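Subject: Structure handover

Hello,

Please find the structure below, with the sequence. My notes on what turned up in it follow.

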Amino acid sequence: MSLCVLHVLESLNPDAGSVAVCLGGLPDALSARGQQARTVAPPGDPARILDGVDVVHIHGWTYEFAYQAAAAALKAGKPYVVSPHGALTYGPYHKLTWKERLRIAWRTRRLVRGAACVTALNPVEERDLHTQRIHPRIRVLPYGLCFTEYEGSPPTDGASPSADRRLLMMGPLHPRAGCVAFLKAMAEIGPDANGWNVVLAGSDDGEWRKMLEAAIRRKKSDDRVVVAHARTVSEQRACLSRASLLAAPGLHIGLPVSIMQAVAMGVPVIASTCVAPPGLDSAIRVCGPRREELRETLRSVLRLPEESRRAMGEKARTVGRALFDWAVLADEYAQLYTDMA
């Protein structure tokens with residue numbers, strides 16, 4: 001008998017850095033293993049969508065629909081997985097208000113404990129969840145990507161490739177993603193950054209974009225720093241097709257979506273330990289989530305000959321495909337769901 005797995009997301013929009021970008025290739029991969037996959041996002045009634053479902057996988061833990069889905073699954077006796085994406089880890093860039101503390105103590109902590117399993121994006125999140133004793137069963141479960149979708153000639157938006165080298169940061173335009181630390185680090189590098197343009201591609205749910213653009217104008221850097229949108233996978237691929245290097249300087253645990261996309265397209269990557277996927281350390285440059293470490297790691301990669309950066313990207317693509325292509329990684333997901341059902 002085949003299993004039916006329900007994937008719960010905050011949104012089905014494939015914005016830059018969103019889990020929806022990665023999950024697109026999972027249903028077909030699970031189908032090849034005899035499992036069905038359905039995907040839902042708000043609005044809706046979680047209790048109604050559980051009919052015929054054997055396992056529920058909740059992606060993210062910062063939105064009301066996730067809590068509703070967990071509560072409905074718990075009440076119905078359906079096993080569910082919680083992938084918090086850093087939401088249960090706290091620090092300078094993810095502080096709790098007193099209302100959030102009460103909510104966690106009286107509501108969401110019970111729902112997390114009721115899960116059959118809690119997953120972590122990387123060993124950094126795994127260690128933190130173990131330290132907090134969030135759940136007795138915690139395992140690292142990275143996200144994958146359909147690498148074949150990133151082969152061949154990437155789409156463009158009609159703009160011709162720039163002769164200048166482009167350093168791309170792609171994802172949510174939020175301080176915890178490291179965009180401010182990234183810009184400050186680039187400003188501190190000095191002559192080694194000559195000839196490099198910076199592109200910040202992504203969206204925000206507040207005023208961060210306006211603040212970034214205003215700061216860039218104040219620093220008179222708008223000739224070298226561009227803030228762009230990347231709302232679709234085609235736009236994201238177009239950004240990557242013109243990038244010489246991708247930076248993912250997250251200051252808090254977060255999704256490695258842009259890293260996976262860059263790796264799939266052979267673009268070399270610099271990433272912080274908070275967002276680097278497990279197993280890629282030998283193929284990308286990884287640094288601590290601090291501006292000083294980011295600055296020196298950037299400097300070392302910017303100094304490399306173009307041939308060395310290109311080889312770095314090709315190595316990452318080879319390693320990434322062997323680890324994170326859904327054709328390979330889906331085995332871990334299928335086995336987890338089978339063990340839970």
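A search of the whole structure, which is a predicted model, finds 3 aromatic pairs. One of them joins Trp326 and Tyr333: the ring centres are 5.1 Å apart and the planes stand at 80°, so this pair is edge-to-face. An angle over 60 degrees is what puts a pair in that class. Trp326 and Tyr333 are both buried.

Another of the pairs is made by Tyr333 and Tyr337. Here the centres lie 6.2 Å apart and the planes are at 70°, so the rings of Tyr333 and Tyr337 are again edge-to-face. Both residues belong to helix α12, which covers residues 326-340. They are 4 residues apart in that helix, or about one turn. Tyr333 and Tyr337 are both buried. Taken together, ring pairs link Trp326, Tyr333 and Tyr337 into a cluster.

There is also a charge placed over a ring. The ring belongs to Tyr150, and the charged end of Arg237 sits over it, 5.7 Å from the ring centre.

Next, His7. You will find it in strand β1, residues 3-8. Its relative accessibility is 2%, so His7 counts as buried; the cut-off for buried is under 20%. Which residues is His7 in contact with, leaving aside its neighbours within four places in sequence? They are Leu26, Leu30, Ala37, Arg38, Thr39, Val40, His57, His59 and Tyr337. Tyr337 has already come up as a member of the ring cluster. With His59, the side chain of His7 also makes a polar contact of 2.9 Å.

For a sense of distance across the model, take His7 and Asn194. They are 187 residues apart along the chain, and their C-alpha atoms are separated by 45 Å.

Is Thr297 buried or exposed? At 13% relative accessibility Thr297 falls on the buried side, because buried means under 20%. Leaving aside neighbours within four places in sequence, Thr297 is in contact with Ile270, Arg285 and Cys287.

If you want a place to start looking, go to helix α12, where Tyr333 and Tyr337 both lie.

Regards

Conventions
Residues are numbered from 1 along each chain as its sequence is written. Side-chain values use heavy atoms; hydrogens and water are left out. Rings of Phe, Tyr and Trp (its six-membered ring) pair if their centres lie within 6.5 Å; planes under 30 degrees apart count as stacked, over 60 as edge-to-face and the rest as tilted. Buried means under 20% relative accessible area, exposed over 50%, partly exposed in between (1.4 Å probe, protein chains only). Helices (H or I, at least four residues) and strands (E, at least two) are DSSP runs, numbered from the N terminus. A charge sits over a ring if NZ of Lys or CZ of Arg is within 6 Å of the ring centre and within 35 degrees of the ring normal. Contact means heavy atoms within 4.5 Å. A polar contact is a pair of N or O atoms within 3.5 Å; within protein, one must be able to donate a hydrogen and the other to accept it, and residues adjacent in sequence count only if both atoms are side-chain atoms.
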